[in-house]
Amino acid sequence: MSTIPCLVDRWSEENNNIILTWKQNEVNIEPSQDVRKRCCSESLKLLQKIQGIPAATERLKLEMTVSYNTFLFSLGYSNPSEVEESLIHTLLRALEAAGSQVSSSDPVKLWETVLQTFGTSVIVPYVYKLLLIQWMLWLMHCQLERILTLLTQTNHKREHSAPVNLLTETRNLALSMEEDSSLMVAMAAKDLKDLLHICTVICQGVEQMKMEKYSEALEAFQEAKGLPSPRSLLAQIHALTGQSFAKLGQPHCALHFYRKAVEVDCACHSALYQSALVFRELGNSKAEIEALHLLYSAVQLQADKSASSASLVSPATLLGGEQMTFISRVPSSSLILHTLAHTCVFNGSISDGVEHYLDLLASLQSDGKDLVSTGDGTSFPRIPVVYLEAGFALLKAQRYSDALVVCEEVITSTLDFIPKRLLLDAVEKQKSDSDVILENLDFVLWAAAAHLLQAQAHWKLKDTKEAITNFTRAINQLVKVFIKQKDWKQKHLGNTEAMVERMVTLEAAKGQALAGRGCCFLERGQLKEALRDLHLSLQMTPGCKNTKMWLTEVLWRLDRREEASAYWREAHSTSDIPKSINLPLYLQALPEDTAFDFTDLKKMGEYIHAKNVMT
Amino acid sequence: MERCSVEYLSEFSDCQSHSVRIILDDTNLFLACGHRDVLVFNVEERRVTTVMQFEASVTNLALSDDKYRLYALCANGGLYCTPLPQLSSSSVLASKSPDRVLNIVSDDSIVLKNASLQAFIIVEKILVTLSLHKSIWSFDLYEEPGSRPLRKLACFQVATVNSCHLNITEKEKSVNCHPVLTCIYPKGSMSVSAQQSDLHPYLEPRLFRLLFGVDASLVNSPVILCGLPDGLICCFPLLVPTLAGPRGEQRSPIRVLQSLEQPIVFVGTCVSGEHGPQCLIAVGQRGKLLMVRSKQASSEGKEADYSFNEHSVRGPVLCVCVDDKRLYYSSLNDLHTLQFTTISSSEATGTESQLQALTSDSLGVCRVIALARPYTNPTGSVQLIGISLSGRLLRVNLPQASEKGNVPRLPPSLAGQRVKDLLASIGNIWERAESLKHKLQEKNESLKRLNQVINVSSLLLDTHGNEKKFNMGTKHPISCHGVARWSSLLQRDSLTLTCVLENSSGCTLEHGWTLCIQVHPLSQYSNIESSSRTYSFPLRKLDSDQKLDVTIPLETVDGLSLPVKVYCSLTFSLSSLFSPEASSLGVSQLLTEMGSISAPLNSLTVDWLDALRLEGSISHGNIRHDSVKDGIQAFLRARGALTKDSDTTSKSGPVAVLIRVSTELLKAKLHISVTSSSETCVSVLNWLVSPEVKGQTKSVQSPVVCAYSPDGCSVKIMAKEVTLGDLCSEGPLEVLEIRVESTSVAAVCGLHHAILRRLQVLLRDLTVKCCHTKQLKAQSLCEAVRHVESLYKDLQDAQNQAALGGTMKTDKSSEILFRIFLQLRANPLVIL
């Protein structure tokens with residue numbers, strides 16, 4: 001009788017003490033997680049004490065406040081489903097105290113009953129606190145439909161015929177939120193409501209983006225921008241706006257918003273990444289490299305300090321795992337580094353590219369947890385490919401011995417996987433087998449490419465004998481693949497895009513190896529072998545200007561001037577080799593390769609001129 | 001195969017066979033026997049140095065990479081991480097303080113909580129956990145040691161194989177088989193000492209590359225291998241980014257290597273060759289053994305491949321460990337060893353036939369349920385540390401394996417050893433026989449006890465059923481009687497109840513029976529549950545015709561509240577059917593909380609009369625005047641009145657109540673033969689005040705009894721015979737008038753109630769025996785009724801007034817009520 005008010009006072013005091021401890025911790029420069037955990041367990045204990053006695057209307061304020069605090073504290077430690085269970089328990093107790101009958105424990109129905117029961121009573125601000133928790137839980141699971149139903153129920157005055165829209169509903173939401181100074185809360189309900197509001201809008205926008213309704217998404221983000229929000233979240237909103245514009249085909253608008261995002265919060269990695277993608281699309285390789293470089297350094301910096309936020313509820317927890325990864329999707333640092341290195345080498349800034357590749361190889365060997373598969377939807381190229389690209393870059397940077405070592409790694413590791421011969425028969429091929437075949441084909445390609453790169457390195461080192469050996473090894477690997485069909489380039493029944501792509505690569509590699517060997521023979525003066533190889537190479541890669549030039553040279557030396565002049569003219573009529581995007585980086589021919597030493601250029605010109613005069 | 005010798009290092013309590021884990025780290029052995037404790041046992045000193053107690057039973061254990069932290073998975077789904085006490089220093093300290101260090105690990109050290117967590121492993125500062133949720137196995141990778149909650153790095157999932165296809169028996173399912181996680185390193189990735197690489201299984205680079213792919217081998221990533229209870233063996237490289245598949249799509253890093261179609265007990269590597277272990281081995285619970293070896297690329301140039309060879313050993317396999325060349329496994333009956341041959345690169349083709357001839361040798365050690373990694377001591381012999389089902393920690397010393405196979409003759413030097421070994425194995429068999437015998441004995445004991453209990457219960461049941469019969473005077477075979485007494489202890493008097501349990505049956509009440517005495521205050525309005533108390537007295541043994549006296553206090557912290565009802569009962573807890581030292585939990589684990597028999601015995605009431613202290617029998621000084629008020633208050637509170645009123649009323653002199661009973665009636669019932677009225681009065685008073693001393697020296701000699709009520713007020717009980725002339729039509733009626741007088745209202749009320757109750761009990765079956773009904777004068781009866789009616793009217797008026805007047809007039813209304821009460825009591829009806 002007389003003891004109960006006493007208990008209520010004691011409990012309120014206990015609650016306030018917990019909150020005071022928390023608030024003190026919050027203003028600290030280095031908030032401690034231990035304090036939060038302690039607050040959480042103490043608050044939970046208090047709640048258990050309060051819920052140990054039957055619910056009564058006069059204690060509901062206290063019970064609801066303590067529940068609210070407990071849920072906020074426990075958010076980081078327990079399962080959302082546990083919190084939801086506990087929430088339902090509290091609601092059921094409240095209804096019991098009010099003497100209402102509860103038919104089902106379905107949260108939606110339950111809330112309907114709760115709001116009807118307490119809709120006009122004095123404890124409505126406390127009910128709304130719990131409602132915010134429910135909103136939060138559903139938002140974490142991205143259950144926007146349920147949130148909408150819940151919020152609609154709170155609005156009594158709304159005429160039911162009006163179309164229901166989450167955006168307008170949240171905008172017009174009027175919850176009475178007055179705080180009671182005698183019962184302290186860990187986070188003011190108004191703050192939480194604002195945060196929930198903006199996160200719900202963002203969530204809605206992201207959902208629209210997922211459904212590829214970009215203009216609707218833009219609308220949501222526009223709304224979100226008008227709401228007060230933390231810095232990092234505003235940056236994310238800008239970045240998302242940019243992404244929507246990019247999808248709508250307005251890259252310059254997109255870039256504008258990405259820049260805004262980075263201006264607001266320089267740690268907004270996704271904006272940097274997305275802008276790099278836009279720059280690539282626009283063909284602005286310099287800007288792309290710059291963006292990637294910035295992104296890589298930013299990611300590296302962030303990895304050093306993994307800051308744990310002190311605030312109880314962060315947008316990251318509210319937007320749930322999936323949503324947040326969608327929003328701030330950035331590839332892993334190793335993948336960024338690879339993209340950067342690849343772009344550098346591809347666009348001719350070899351020395352930077354080599355450095356990045358070497359960094360990448362080093363990190364692949366040593367960095368433990370950075371390499372763990374993140375499953376974020378991005379995939380890393382196969383490791384041998386990375387090695388080959390690094391070897392290629394080293395070769396181009398004239399670090400031949402390093403290139404040799406890197407390629408040797410690929411050769412030894414693929415050795416055991418290379419089949420004796422590989423028969424490709426598109427007609428008979430079983431679908432189920434194709435993955436295995438493709439993988440085998442890859443092994444052949446990698447080994448051959450490694451030999452090819454090694455041979456080129458030897459050639460550059462003026463060791464033509466070793467070069468010829470390696471060119472031969474490359475050719476031997478490549479001819480292990482038999483293709484039964486003639487017109488494999490046409491997409492056939494079984495010829496998938498992946499297969500065709502590999503065929504093209506295979507032919508190109510064969511062409512390069514033969515041409516290379518031909519050149520070596522030429523240098524050694526074995527003209528007949530040179531002629532044979534160059535002819536074969538030209539068959540493999542018709543229209544290659546370089547090969548034609550070499551052929552001219554060989555034929556000239558063989559004194560077959562007519563033919564030589566024919567190839568000469570042909571070579572001059574074909575334009576500069578187009579950069580074939582489809583080829584892997586390590587088989588790309590860079591402009592410097594065309595630096596062909598035309599010592600005989602003059603005599604060729606003279607000969608042709610003379611011939612013209614004669615005719 | 002040579003014999004081995006077995007040493008017992010220590011003995012612990014029984015083990016839960018499916019969740020015993022041993023980790024051997026240098027000289028420290030970490031032991032989890034399926035209980036809440038993890039023991040750290042120093043092998044050299046042969047003693048437990050530290051005990052870590054967790055909140056739930058520990059199912060899995062692991063040390064962090066740097067060996068500073070111990071991770072333990074408990075049955076409550078929590079993964080605990082606790083820093084290890086400095087073990088090296090503790091061994092120094094140990095010489096000084098031999099007592100164990102007990103560390104209690106609280107829930108503060110939980111790093112992860114997930115009820116579906118099944119297994120975990122820590123590799124390269126990454127914590128890999130495996131959990132099963134709705135038939136999906138998911139591998140989660142966390143940063144270790146990380147902030148709490150741990151930062152999740154990645155997550156992969158594998159669906160379970162439907163176990164119906166695998167005809168996994170129910171028994172196997174119920175035996176909690178946990179998945180097995182192993183990490184396999186490519187050779188050379190370990191930059192640490194050979195000692196450490198010993199702890200991590202690795203594979204020769206060729207087989208590693210063939211099995212786990214180019215990418216893992218180029219990056220030198222360790223590979224996590226997992227043997228699932230459904231028989232799948234899957235693997236994924238730990239430190240390789242998600243790679244693109246052949247078509248540029250993302251591909252799952254998890255590959256399934258093989259399915260053994262039975263729960264997997266062990267995955268590891270064995271057979272050291274030139275470049276490291278040449279063989280990956282997996283062992284299933286039912287004895288399937290999978291060996292994966294590389295096939296050399298033959299001269300025809302077929303691509304290099306690896307071969308899966310399946311063998312069978314006799315199951316069930318409980319635990320497995322490997323060293324360089326041998327695999328040791330324990331079925332429950334014996335510990336076996338399997339010797340493997342090394343393939344040198346020159347003889348590649350002949351291996352197949354050799355593998356077929358895989359035979360196991362028995363080591364003659366039974367009931368081993370967990371094995372730690374074997375270690376080779378400097379002399380070259382191999383030592384295995386295992387734990388047996390009965391909780392014995394044993395060390396098996398294997399002599400150095402001779403490369404030659406069978407030894408044709410026993411060299412004399414080994415004969416002694418051989419004898420020792422034989423003795424050891426006899427000892428093992430003896431241990432088994434002993435345990436079986438022990439079990440049988442336990443069973444018989446239990447049956448005997450059960451028989452006894454049933455006998456006693458049926459006896460008690462008969463008593464209960466034929467209550468009428470026993471009431472007639474025959475004694476209950478097992479009964480309990482109680483007497484209230486005042487006892488003085490430490491200058492303080494207290495009312496105690498002495499109960500005597502009398503066993504006059506032919507049975508013996510054995511250990512396990514408990515006498516329960518439940519005391520219910522009758523006056524308490526509030527719920528009985530809270531105010532009633534139960535005292536239980538476990539019986540050791542009560543032979544027939546023996547008595548057991550127990551004394552219980554009747555006072556509670558709130559003071560004495562009379563009258564109280566006392567119920568006696570005998571209960572038997574089924575769990576004491578099983579002797580407490582029974583080794584197996586067996587049937588007793590099926591007992592629920594409520595597993596007990598309860599047979600009610602007598603019940604009795606202790607009222608104010610029992611609690612009276614006669615003047616003269618006690619010294620005056622002992623009466624607690626200080627607690628007078630307490631007693632009154634207690635009573636009045638019990639009656640629902642307020643304390644304030646009692647003060648006002650008790651001031652106005654002594655209060656008296658009257659009870660009138662027909663003398664004839666009393667005499668007949670109490671078998672009083674005396675005729676003089678004063679003697680009748682004395683005997684009636686005696687009956688009231690000290691009924692238990694009937695026939696002995698009377699404690700009351702005069703018709704006036706002066707006594708003290710429990711609350712210390714003096715009370716007078718007077719009896720006198722009066723003649724009522726106008727009541728009965730047949731003439732004057734002899735009536736015994738009992739008058740209770742005291743200054744304390746509480747005492748008066750209590751005594752009045754007690755006397756009435758006694759009379760009620762006495763006269764309960766009067767009607768049958770009453771010889772003649774008296775003809776009552778209607779007029780006097782009417783008068784009495786009118787008087788009572790008028791009082792009733794007054795009462796109603798007072799009530800109305802109280803209801804209307806509110807709280808302000810309680811004083812007045814209670815005064816009125818009190819007056820009515822007195823009037824009612826002063827002129828009672830006669831009990832005929």
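This is a predicted model: local features need pLDDT of at least 70, side-chain atom pairs count only at pLDDT 80 or more; totals for chains, interfaces and linings use all residues.

Chain A contains 27 helices and 2 strands, whereas chain B contains 16 helices and 44 strands. Burial can be stated for each chain: 42% of the 615 residues of chain A count as buried, and 34% of the 832 residues of chain B do. If you consider the contacts between residues at least 6 apart in sequence, 67% of those in chain A join residues at least 24 apart, and the corresponding figure in chain B is 60%.

**H23 and H21 of chain A**

Now select residues 497-524 of chain A, which form helix H23. H23(A) has 28 residues, and the distance from its first C-alpha to its last is 41 Å, close to the 40 Å expected at 1.5 Å a residue.

Just after H21(A) you will find A:Lys462, which takes a positive phi of about 70 degrees.

With both helices displayed, look at how they pack. Two packed helices are described by the angle between their axes and the distance between those axes.

To see the contact itself, show the side chains on both helices. On H21(A) the residues that take part include A:Leu438, A:Leu441, A:Leu445, A:Leu452 and A:Trp459, and among those they meet on the H23(A) side are A:Met499, A:Arg502, A:Leu506, A:Gln512, A:Gly516 and A:Cys520. Sorted by class, the contact of H21(A) with H23(A) has 14 nonpolar, 4 polar and 1 charged residues.

**H20 of chain A, and its neighbours**

Next select residues 400-414 of chain A, helix H20, whose 15 residues reach 21 Å from the first C-alpha to the last, close to the 21 Å expected at 1.5 Å a residue. Its buried residues are A:Ala403, A:Leu404, A:Val406, A:Cys407, A:Val410, A:Ile411, A:Ser413 and A:Thr414. If you then display what surrounds them, you will find that the buried residues of H20(A) pack against H19 (383-396) and H21 of chain A, together with H4 of chain B.

**H11 and H12 of chain A**

Move to residues 231-247 and 251-264 of chain A, helices H11 and H12, which pack at an angle of about 170 degrees with their axes 7 Å apart. H11(A) and H12(A) are therefore roughly antiparallel to each other. Among the residues of H11(A) in this contact are A:Leu234, A:His238, A:Thr241 and A:Phe245, while H12(A) contributes residues including A:Phe257, A:Tyr258, A:Lys260 and A:Val264. By class, the contact of H11(A) with H12(A) has 12 nonpolar, 3 polar and 2 charged residues.

Finish in chain B by selecting B:Asn220, in the loop between helix H4 (205-219) and strand S17 (223-227). B:Asn220 has a positive phi of about 60 degrees although it is not a glycine, and it is buried, with 20 other C-beta atoms within 10 Å.

Then select B:Lys125, in the loop between strands S11 (117-123) and S12 (126-133) of chain B. B:Lys125 is not a glycine either, and has a positive phi of about 60 degrees. Is B:Lys125 buried or partly exposed? With 15 C-beta neighbours inside 10 Å, B:Lys125 counts as partly exposed.

The last stop is B:Ser331, in the loop between strands S25 (326-330) and S26 (335-339) of chain B. B:Ser331 is buried, with 20 other C-beta atoms within 10 Å. Leaving aside residues up to four places away in sequence, B:Ser331 touches B:Arg314, B:Gly315, B:Pro316, B:Val317 and B:Leu318.

Key:
Residues are numbered from 1 along each chain as its sequence is written. Chains are lettered from A and ligands numbered from 1 in the order in which they are written. Axes are lines fitted to C-alpha atoms, for helices over the stretch in contact, and angles run from 0 to 180 degrees between N-to-C directions. Helices (H or I, at least four residues) and strands (E, at least two) are DSSP runs, numbered from the N terminus. Two residues are in contact if their C-beta atoms, placed from the backbone, lie within 7 Å. Ala, Val, Leu, Ile, Met, Phe, Trp, Tyr, Cys and Pro count as nonpolar, Asp, Glu, Lys and Arg as charged, and the others, Gly among them, as polar. A residue is buried if 20 or more other C-beta atoms lie within 10 Å of its own, exposed if 12 or fewer, and partly exposed in between; C-beta atoms are placed from the backbone. The expected span of a helix is 1.5 Å times one less than its number of residues. Angles under 35 degrees count as roughly parallel, over 145 as roughly antiparallel, 65 to 115 as roughly perpendicular and the rest as oblique.
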